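Please open the model in a viewer and keep the selection panel at hand. The stops below proceed from the whole chain to single side chains.

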Amino acid sequence: MAKKAIIVESPTKTRTLSSFFDDDYELLASMGHVRDLPDDEMGVDTDADFEPRYVVTKSGRKTIRELKKRLKDVEEVYLATDPDREGEAIAWHIKDELGLENARRIQFNQITREAVLEALKRPGEIDMDRVEAQQARRILDRLVGFELSPVLWQKIGGGRRAGLSAGRVQSVALRLIVDRERERIAFEPEEYWTIGVTLQPEDGEQFDAELRTIDGEEHGLTSEDEVTPVVEELRNATYVVAEIEQQERKNNPSAPFITSTLQRAASNRLRFSARRTMAVAQQLYEGVEMADGSHGLITYMRTDSTNVAAEARKEAAEFIENRWGKKFVGPGARGKRVKGAQEAHEAIRPTSVQRTPESLKDVLSDEQYRLYELIWRQFVASQMAPEITNRTTVDIEAGRMGLRATGQVVVFPGWRAVMPRDDEDRSLPELEEGEELALVEVTPEQHFTSPPPRYTEASLVAELEANGVGRPSTYADIIDTLRTRRYVRMERRAFAPTALGAAVSDYLVDNFPEIMDIEFTANIEADLDTVERGERDWHEVLREFYGPFHEEVEEARNAEPQVLEGETCPKCGGRLLIRYGTRGKFAGCENYERDGNGCDYTRDLSSDVLETPPVEETEFECPECGKPLVIRTGRYGRFFACSGYPECRYAADVGPDGQPKERGRPMETDERCPECGDGTLIVREGRRGKFLGCSNFPACRYTREYAGEKIVGEASPELTAANGEGNGSNRVPVPCPKCGGPMAVRSGRRGKFLGCLNYPECKGTASIKRAIEAGWEPPEPEMLDEECPECGKKLAIREGRRGKFIGCTGYPKCRYTRDIEPAKEGAEAD
């Protein structure tokens with residue numbers, strides 16, 4: 001039995017560590033956090049100075065039992081969780097929950113034999129300042145989420161099932177995206193022109209120059225009327241070289257990656273999401289199986305330090321000298337210090353530069369190889385000499401016009417030897433001052449200024465980092481939350497706010513300006529950093545924040561809607577109130593009543609942030625009513641829709657070839673969701689087979705096993721007899737458009753339709769109108785001896801997408817309906 005144990009966070013790490021030790025050490029994994037605040041309550045006593053109530057997580061229960069069992073006879077325990085705030089907190093929770101009074105803390109920035117053995121020589125204690133900083137951040141996020149989210153449910157709507165949430169950093173990120181969209185919509189393009197001139201010396205090659213000045217001033221041409229006479233003047237001008245300037249420039253390499261720059265580079269160069277980047281980096285850090293065991297290939301990937309260990313710098317210098325020569329070895333790039341940087345680790349680098357990407361290609365997956373190559377090249381380049389270029393600037397006079405040509409030639413590649421340029425040298429021919437040049441061509445070109453670009457994952461991370469908002473380890477989670485809550489959608493790999501996202505952001509800005517203020521959020525991060533440095537007590541930071549925040553929450557919870565000044569309701573003359581809903585910010589009449597009897601006037605107030613996608617005309621006809629199909633844009637992208645909407649609700653996906661692609665009909669049962677009571681249960685399919693899920697997903701996440709429940713619209717046994725014959729009332733004299741077989745009337749989520757009796761071998765469908773045109777008459781409803789309480793006409797038993805119900809025979813003028821009560825109406829129907 002081993003007398004010593006090392007506890008890390010993941011089984012992958014234990015496999016890598018196992019190659020460093022014999023049987024002297026028990027290697028155990030905590031599987032991440034074993035304790036946290038409870039899911040179903042705040043778990044923070046605000047009246048007891050923010051005392052947290054920790055519970056063992058569901059996944060942690062098994063881990064704790066296993067750790068207790070395996071540590072029973074162990075004499076020395078080393079807590080080797082990740083070297084950051086989260087890792088420190090995990091180590092403390094393990095020690096506290098298991099009562100490991102004598103456990104020691106060890107840290108290593110890379111999982112290599114040398115690093116781990118060195119850490120074991122100098123074990124220490126858990127850094128409680130770090131633990132308290134993590135605890136303060138966790139409690140602060142819990143306070144904001146638990147107090148602010150219910151206000152959103154109340155003021156924007158949808159309740160808890162709508163999945164609305166607010167977060168300390170998440171909400172600021174959403175505001176950045178919404179504000180940028182407003183800038184884009186308010187932007188008015190401005191016209192401007194450039195004029196290029198192609199020139200040629202007497203004994204040299206042609207080169208391009210650009211008009212810079214007219215009469216010594218920058219030209220600023222903004223219209224074709226201004227450009228035309230200038231072009232004519234240039235065509236008749238004499239061109240003379242006025243001045244030649246040559247300058248040698250050094251282009252230093254960038255620093256090795258930190259978390260945020262790695263996420264940005266992986267997004268721009270590899271098209272990886274932040275979440276994907278961190279997941280693959282985790283694999284490279286924890287260890288990859290090779291012929292001689294598992295090896296950690298990179299250093300810890302959650303860091304905002306560009307420091308590099310002396311041993312790593314020395315190894316890199318030797319590698320560079322051996323491969324390219326001594327003059328390619330540089331002093332090592334450090335980069336700028338990140339605002340609010342905390343983690344005093346190393347930069348992200350390979351654990352050994354000798355493991356080149358090419359040497360690992362056979363043992364790495366495609367994603368691992370591409371990310372490792374990115375990290376390896378960035379680190380090696382950072383340790384190389386600067387690139388040296390010779391830049392030539394030539395000023396040319398053409399009467400009162402001034403032009404400029406530039407060229408650049410690489411003199412020494414330096415770090416570009418490992419990270420080549422995408423562009424080529426731009427060399428100019430040999431020229432002399434006073435030399436006259438021949439005109440080849442004048443090329444005027446019209447341009448328009450562009451709106452500020454939408455944030456991509458890379459640029460959003462850069463903006464958050466530049467403002468000191470959030471920390472490297474949180475960016476991937478923030479981006480995921482914005483997508484999961486459907487506050488944003490992706491368009492060409494950039495964030496565009498949804499109506500819901502704009503409504504949430506606007507409401508929070510209007511009612512919680514401090515929470516949505518970038519500088520305020522950055523200052524809170526700075527306060528939490530002082531806790532980690534042991535300069536402030538974490539209770540003090542929380543007290544300072546919570547008092548004013550809680551008052552704002554209570555005020556917002558009880559606040560009446562703001563009045564839209566200067567306008568009255570055009571329908572009834574009442575005041576217009578500013579409201580927020582899942583479809584955006586809007587103005588609604590104060591006389592609105594939920595029962596439908598009041599004034600229902602509303603006006604959208606989100607047009608300054610939400611672009612209205614154009615409706616595109618097409619050459620296709622609706623298969624149900626014959627009207628033209630158009631392409632609209634919805635929350636899930638572009639789709640075909642009937643131009644006869646709302647009378648005709650036909651819709652189809654846009655196929656890869658641009659043609660309408662029929663949407664698969666969901667396998668819907670006639671059973672209502674027992675959790676939300678609003679949706680119906682739909683047969684879905686996952687990794688483990690079919691299951692039933694609520695149609696209101698993701699607002700409602702109810703699921704259960706599929707046990708063969710009947711599907712709405714599925715043919716009944718008598719309809720799909722072995723001979724293919726249907727009963728007299730449902731079968732119709734219309735051949736299947738796919739196989740030519742018989743068809744019958746079925747019910748689906750859009751109402752009645754024709755389905756092939758050879759289903760499921762044939763899935764042909766057709767519009768119910770084809771059956772009516774062929775002479776089929778729908779069966780008469782079962783009449784009841786009861787009058788409609790609203791219009792006095794007879795009631796009848798009808799059948800819809802959710803089964804049978806009682807409805808008025810005066811439909812559609814009268815829309816009275818009610819559910820069937822089995823004990824009562826069942827007897828009447830008999």
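Throughout this tour, a residue is called buried under 20% relative accessible area, exposed over 50%, and partly exposed in between, with a 1.4 Å probe and protein chains only as cover. The model is predicted: local features need pLDDT of at least 70, side-chain atom pairs count only at pLDDT 80 or more, and totals for chains, interfaces and linings use all residues. Residues are numbered from 1 along each chain as its sequence is written, and side-chain values use heavy atoms, with hydrogens and water left out.

**The whole chain**

Of the 830 residues, 45% are buried. Now consider contacts, defined as heavy atoms within 4.5 Å. Among the contacts in the chain with a separation of 6 or more, 61% are between residues 24 or more positions apart. Switch to a surface: the chain exposes about 43700 Å², and carbon and sulfur atoms supply 44% of that area. Such areas come from the Shrake-Rupley method with a 1.4 Å probe.

**Helix H1**

Next, select residues 11–18, which form helix H1. Which of its residues are buried? They are Lys13, Thr14, Thr16 and Leu17. Viewed down the axis of H1, the buried residues fall within an arc of 165 degrees, so they line one face of the helix; the arc is that of the directions from the helix axis to the C-beta atoms.

**Salt bridges**

A salt bridge here is a side-chain nitrogen of Lys or Arg within 4 Å of a carboxyl oxygen of Asp or Glu. The count by this rule is 48.

Select helix H7 (residues 224–235), in which arginine 235 and glutamate 232 lie three residues apart, about one turn of the helix. Their side chains form a salt bridge at 3.2 Å, N to O. Arginine 235 is partly exposed at 44%, and glutamate 232 is likewise partly exposed, at 40%.

An α-helix has 3.6 residues a turn, so residues three or four places apart point the same way.

Proceed to glutamate 346 and arginine 349. Is this pair buried or exposed? Glutamate 346 is buried at 13% relative accessibility, and arginine 349 is buried at 4%. The closest N and O atoms of their salt bridge are 2.7 Å apart.

Then select helix H11 (residues 366–382), where arginine 370 and aspartate 366 are four residues apart, about one turn of the helix. These side chains meet in a salt bridge of 3.8 Å, N to O. Arginine 370 is partly exposed at 27%, whereas aspartate 366 is exposed at 53%.

**Cysteines**

How many disulfides does the structure hold? There are zero, a disulfide being a pair of cysteine sulfur atoms within 2.5 Å. Select cysteine 572, whose nearest cysteine sulfur, in cysteine 589, is 3.3 Å away. Cysteine 572 is partly exposed at 40%, while cysteine 589 is buried at 0%.

Notes: Helix = DSSP H or I, 4+ residues; strand = E, 2+ residues; numbered from the N terminus.
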